Amino acid sequence: MTTLAVRVRGRDVTAELAFAVLVVALVAVAASTSESFLTQTNLTNLLKQMVTTGLLAFGMLVVILTGGIDLSVGSVVAFAGIVTAGLAADLPIPLAMAVGIAGGVAFGSLNGLLVARFELAPFVVTLASLTTIRGLAFVYSEVPISPADPGFLWLGSAMAGPIPLITIVMLAVFGVGGVFLARTPAGRSIVAIGGNAETVRLAGIGVRRHLVLAYTISGFCAGLAGVILTSRVGIAQPSVGVAFELDAIAACVIGGASLSGGRGSAKGAFGGVLVLVLINNLLNLYGVQSFWQQVLKGLIIVAVILVQRTRRPRSAR
Amino acid sequence: MTTLAVRVRGRDVTAELAFAVLVVALVAVAASTSESFLTQTNLTNLLKQMVTTGLLAFGMLVVILTGGIDLSVGSVVAFAGIVTAGLAADLPIPLAMAVGIAGGVAFGSLNGLLVARFELAPFVVTLASLTTIRGLAFVYSEVPISPADPGFLWLGSAMAGPIPLITIVMLAVFGVGGVFLARTPAGRSIVAIGGNAETVRLAGIGVRRHLVLAYTISGFCAGLAGVILTSRVGIAQPSVGVAFELDAIAACVIGGASLSGGRGSAKGAFGGVLVLVLINNLLNLYGVQSFWQQVLKGLIIVAVILVQRTRRPRSAR
Amino acid sequence: DTSDSYTVGVANFLLSGPYFSGMDAAIAAQAKTKGNVKTISTDAGGDAAKLAANVEDLLSKNVDAIIISGGPLESAPAALNAIKAAGKPVVLVDRKFAVGEYTSWIGPDNEAIGKQDGEYLTKTLTNGGKVAIIKGGPADNSIGLARTNGLKSVLSGNSKFTLVEAPDFGNWGSDGGLTVMEGLLAKHADLVAVFCENDAMCLGAQRAIASAGKSGQIVLAGVDGQAEALKAILDGTNYVVTGLNSPNVIGKLALDRTVEVLGGAKVEKDTVVPSPQITKDNAAQYLNT
Amino acid sequence: MLELRDVRKRYGGVEVLHGVSLSASGGSVLALVGANGAGKSTLIRILSGAVGMDGGEVLLDGAPADLSSPHHAHALGIRTVYQELSLVPQLSVTENLLLGRFPRRYRMIDWTAAHRRAQELLDRAGFGMIDPREPAGRLPVARQQMVEIAKALADEPRVLILDEPSAVLAGSDLDALFRLVRELRRRGVLVVYVSHRLAEVLDLATGIAVLKDGQVVETTEPARTSEAELIRLMAGRRPERIYPPRRSSPGASPGEVRLRVEGLTRPGEFTGVSFELRAGEIVGLFGLVGSGRSELAACVFGASRPSSGTGAYGNPADAIRHGVAMVTEDRAGSGLVLGLAVRDNIGLTTWHGLWIDQARQRRDVASMIERLDIRPPGCAAMPVARLSGGNQQKAVLAKWLLVGPKVLILDEPTRGVDMATRVEIYRMVDGLAREGLAVLLISSDLTEVLGATDRVLVMNQGRITGELPSEGTTEDQVLERAIEA
Ligand SMILES: Nc1ncnc2c1ncn2[C@@H]1O[C@H](COP(=O)(O)OP(=O)(O)OP(=O)(O)O)[C@@H](O)[C@H]1O
Ligand SMILES: Nc1ncnc2c1ncn2[C@@H]1O[C@H](COP(=O)(O)OP(=O)(O)OP(=O)(O)O)[C@@H](O)[C@H]1O
Ligand SMILES: [Mg+2]
Ligand SMILES: [Mg+2]
């Protein structure tokens, strides 16, 4: 089988290119078949709706690169949101939000500590913290909290020109995060740990430290997502965020990340987020009924990874 | 560090022994601190409560051994249940149940085909089928179905002496399944594939065939679990089974399975199921408030794997 | 003297929702006021099999009666059979099971609430227009269907109104309501009203409408009487109506009913708790109940 | 009996085999020699059905052989022991040996019979010292290699392909392998044998094919050639001497002490080890497999903690800060991150601070690739897994040289490295030592240990049992101390 390979500065970018083509094709199909797609309102919706999945996906990517997984992000979203909303009554709003995010950071580093220090399986550690953190969110408040101060809504509704502020926040996370992963010793080490932790350890790099960092970043992203979501909705529910982790993981994998670690990129994960959000948006615009939406969404995801896979060189052959 | 190692016929069984001690300790604590624990009713409850998680955990174990994962089991439970309940109006009940289980088998082998034939990441394939199958369950019936025939409840409520029939069914699955994994070429091949698929391929064993088999077994177990659950409850909801996969996976990992494949045993997974069910039961018996139960459940799971981990030989130091 | 002190088991299908945890709390609070009634509460976390197991647990603790808050569950034959076998009375709250024997049921008429909202919209939107419906989805489908059907029974017969159903679900939460509303706004510029199957979703939808700058054009109608919704109605926002479906009222009545049964009284089998329509005029009176 | 005609192979558009033609008959040992990346492993993967060819054909007994999958190759009686170990680590030796052909009773695996059969297979291959019930992953690398060989022999192959089987073996294990190859030859098996150890090639082979850049440049016989001639054919130039001259008797080069270890002990691994390394000297550490050399090195480097003794570093970072570098013996397990680019792998040890200076890293890596002649020359952005084995080894070395070490621990650094490159490595290490580097060279290759060092420490069952000057010491003198109980 002859395969076409596209190279930029010696790097094989064929897969990335194919993926970009896929996203562009999705957009083109959307634009030409639904007149609502290219409207200002719909585009703004798209920009807003990708924020939560986007933030969670970046944090998840960092953890996945180490070869781990973070199932607790949905619960952290709920916890950060409800705490922020609860504190907004007594604290200045930016401070309340900072506390919410700090909660995410704290839970993230706890996850990281358990994984790194005690060498526990990330799946089970974060599954346990999913349960515990969700419980804590309910313990904090069983009922939804809606802060009275209208300033609480600012973050979630401000626009920078045609672009929602929260989208810019998310893009900034991907931008800074992408540079972090590609250009800093810590970022590269995280990727390398996912490839072979022992090699990294022997190179004198603190593996545990970087593992904790990875989970902390995921916790930070989830906390930020929780705060943003609450500010967007204007009301915090302790029950929000169930199964959010699944979309985040799916975005990473669609974007080419390997769940065994060491492979994946911020660009790819962002592409994965776009694909998921576009699928949802399209199914809605076409007015597909909800249950059929679910049926189709699953099938489309399989189709997408099938398309992608045909571009991947056969592994051990 | 000196460690005590217990060997039986040359095999190191220290970890298994420690785990058994842990389970026994849990039971002892339960029995001595809660007078309700050892009552006939409670023990029967325990036996019944472990059935769903148990069945799913065995299927999950087989898939995990290959190095894969099956996230779709909860949806399969819902699908098998609702279809069985729906058909019970027109078909003899055993036949309706057989169709439900066959549905599980079909979905399982589809998952397997996608993973094996197209080399897609199991996580994403089964995440997609989780979505699709859940959608199909709702497409089949948006509202719960409760078969009028009281015979529908038989399977779920029959007792064989002091032991519920469904518990015996689950134990049989573990028994037969354990022998399958330990004693048959197919079972050993599944374990070997999780260790090093390429080697297995080079040994002339059909890797794809065995992957499909593994997912099919998981589908079968999920279908069976769905049918049993429906019969037990007397009503099928299309929304049942959300997040069931998490408990099943947790049971396997608590029981010593490695998510990267090749390591794990039926005995261990069964122990994991026991631990999870005992935790739930104890928290209930102590009358811990619902949300605090979640908080504690997560903490206890972490504690359990911490205890276990101290018994594991340090890997690469 | 134990003869007239009772233990009542409360089997919740799912506590993690303000409506259901409110119900549980109301039952416990009412029991406290009695002095001689103790309650034991359990949560099945949304697992029907666990509900049955919890009921069995309660029976093995020898409770005198059981209240089942079945949430979205359509029926629980196994649980009801076990209670029947033990010869204990069972009172259902909110959800009336389609099959199985029970002693008494106390709950709302969901279709009536939907109808009520529809009538209010007909009355206030004299020019008619396009009305969107946001459904909750899987978690509690048949209650949602009843509410939506109530609304439809009024509006679909009126030629001035057109109905559009959002294709996706709001999943009974504010965040879902927000997202679904955003989708609706992108496709339908000319909406005049939105009906949501519960208040939580309407609260999210209200945010989306505000962000789109359409608060002056679109009014909202919900169900439940959630505190934040009442406040929005009272404040004179575009949230104009909801129908009270108060867990406090139902929970209180249920405990009373259970004690009556245990005292040997002959009671009404099914009791529909009225769901008064709440608008700006009367919202204040419900805000603190 | 086996004939290759004009076999071609491309990887991603680049042809790595340009029409290879060869033939050999049963009862012979065909040695394939060639520099790293010459295409030996690729040729073998084609013969074993692991990769397809892009041109040419393979004939077996005159008929075209269907090599479209490993399964097909098996069916034709072709078995292969690959360069990279491929056992299932979690499974027992028995299972690894019998995978796909378990003895059964009532459709179940008969474990008693299986263990017995496994023991037979091991015995017959001359590897009876291995316990078939042990999980394969727990065995030392050398023993795993033996299991691989025993496995390949399990169903009486007609063609047995061994890709660098001797690279991880030493001492009596090596002898067992040679005995086995000769025995197979007597039984009429065609053995295809790849090795960089030319002495053993000349000793074992009946025919030798020299590969260079994907082509056969010469087919010859041991009697008609010599080590120097083979190196010339492989490298395209005449070798200078293999080992650079050391100035050497011990004490004659009294540099300052760079590493002093005293009484170092880790129970079960090594006991009371003391030695010192001085600037400018190259010290060999010889011992049999399992003598604890690698464990000692790891401990000195701070990768594991001693129970007693002084001189070891607290952790690898600490060691590196003090200018100590260590090339580990297992390049896939602890030397490389296979999924990452060559550039990342080489740059790994320089990742400090908050920012990677890309331009500098690019420069550093490029100069290392040039200095160590890592091939292909433009490989900086390639995943390191795509390099041939020997070039991977050089990448590991490059990573450690970037640290600018004062002490360099080399654990089997020339394993899988071709002769010409070895010479390069010896020359480089010698050059570094002349600039004041202290080198500890762990090796199972006696010739290398004596040829490339100033003095030799001998290790036996976790203890240092001797220290000998390299000059004037015979191989037997070293062996004696390594073996005596
Ligand atoms: N999967 C692959 N993709 C791309 N190039 C490859 C791949 N495998 C091998 N090559 C290239 O093919 C050439 C031959 O490699 P091969 O492994 O056959 O060499 P070798 O002779 O076995 O070397 P060594 O002695 O180092 O093992 C090398 O240039 C190598 O980089
Ligand atoms: N068959 C075996 N099973 C289990 N442990 C072994 C076995 N052989 C050796 N060991 C352990 O491993 C240690 C030595 O490992 P290793 O083989 O890496 O030593 P080495 O001297 O570095 O040899 P080499 O580098 O040649 O492999 C020994 O101290 C011994 O305790
Ligand atoms: Mg090779
Ligand atoms: Mg060694």
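This is a short tour of a predicted model, stop by stop, with something to select at each one.

**Stop 1: ligand 1**

Select ligand 1 and show what lies around it. How many residues surround ligand 1? There are 17. The closest are D:Gly37, D:Lys40, D:Ser41, D:Thr42 and D:Gly390.

Now zoom in on the oxygen atoms of the ligand. The side chain of D:Ser41 puts an N or O atom 2.6 Å from an oxygen atom of ligand 1. D:Thr42 has a polar side-chain atom 2.5 Å from an oxygen atom of ligand 1. Turn next to D:Arg386. Here the backbone takes part: one of its N or O atoms lies 3.0 Å from a ligand 1 oxygen. Alone, ligand 1 exposes 640 Å², and the protein buries 85% of that.

Color chain D by secondary structure. Helix 1 (40-47) and helix 14 (389-401) of chain D each supply at least two residues of the shell around ligand 1. Which helix gives the most? Helix 1 of chain D does, with three residues. Then color the shell by residue class.

**Stop 2: ligand 2**

Stay with chain D and select ligand 2. Its shell holds 14 residues. D:Gly292, D:Arg293, D:Ser294, D:Glu295 and D:Glu329 are the closest.

A polar side-chain atom of D:Arg293 sits 2.3 Å from an oxygen atom of ligand 2. For D:Glu329, an N or O atom of the side chain is 2.8 Å from a ligand oxygen. For D:Ser291, the distance from a polar side-chain atom to an oxygen of ligand 2 is 3.2 Å. How much of ligand 2 does the protein cover? On its own the ligand has 610 Å² of accessible area, and the protein covers 72% of it.

Highlight residues 293-300 of chain D. This is helix 9, which gives the most to the shell around ligand 2, with three residues. By class, the shell splits into three nonpolar, six polar and five charged residues.

**Stop 3: where chain B meets chain D**

The contact takes 20 residues from chain B and 25 residues from chain D. About 2000 Å² is buried between chain B and chain D, and carbon and sulfur atoms give 60% of that area.

Select D:Glu95 and B:Arg188. Their side chains meet in a salt bridge, 2.5 Å from N to O. The count between chain B and chain D is one salt bridge. Six residue pairs are in polar contact across this interface.

Now look at the chain B side. Helix 7 (165-183) and helix 8 (185-202) of chain B each supply at least two residues that touch chain D. Helix 8 of chain B gives the largest share, 10 residues. This side of chain B has nine nonpolar, seven polar and four charged residues.

**Stop 4**

The area buried between chain B and chain A is about 4000 Å², with 77% from carbon and sulfur atoms. Select B:Glu119, B:Phe123 and B:Phe291. In chain B, these three lose the most area to chain A, together 15% of what that side buries.

How many salt bridges cross the interface of chain B and chain A? The count is zero. Polar contacts do cross between chain B and chain A, in four residue pairs.

**Last stop: a salt bridge in chain A**

Over all chains, the whole structure has 48 salt bridges. Select one of them, A:Lys297 with A:Asp247. Their closest N and O atoms are 3.6 Å apart. A:Lys297 lies in helix 13 (residues 290-309) of chain A and A:Asp247 in helix 11 (residues 244-254) of chain A, so the pair ties together parts that are 50 residues apart in sequence.

Terms used: Residues numbered from 1 in each chain as written. Chains lettered and ligands numbered in written order. Predicted model: local features only at pLDDT ≥ 70, side-chain atom pairs only at ≥ 80, totals over all residues. Heavy atoms only, no water. Near = heavy atom within 4 Å. Polar contact = N/O pair within 3.5 Å; in protein donor to acceptor, adjacent residues only side chain to side chain. Areas by Shrake-Rupley, 256 points an atom, 1.4 Å probe, with all protein chains shown as cover. Helix = DSSP H or I, 4+ residues; strand = E, 2+ residues; numbered from the N terminus. Nonpolar A, V, L, I, M, F, W, Y, C, P; charged D, E, K, R; others polar. Contact = heavy atoms within 4.5 Å. Buried area = accessible area lost by both parts, 1.4 Å probe. Salt bridge = Lys/Arg side-chain N within 4 Å of Asp/Glu carboxyl O.
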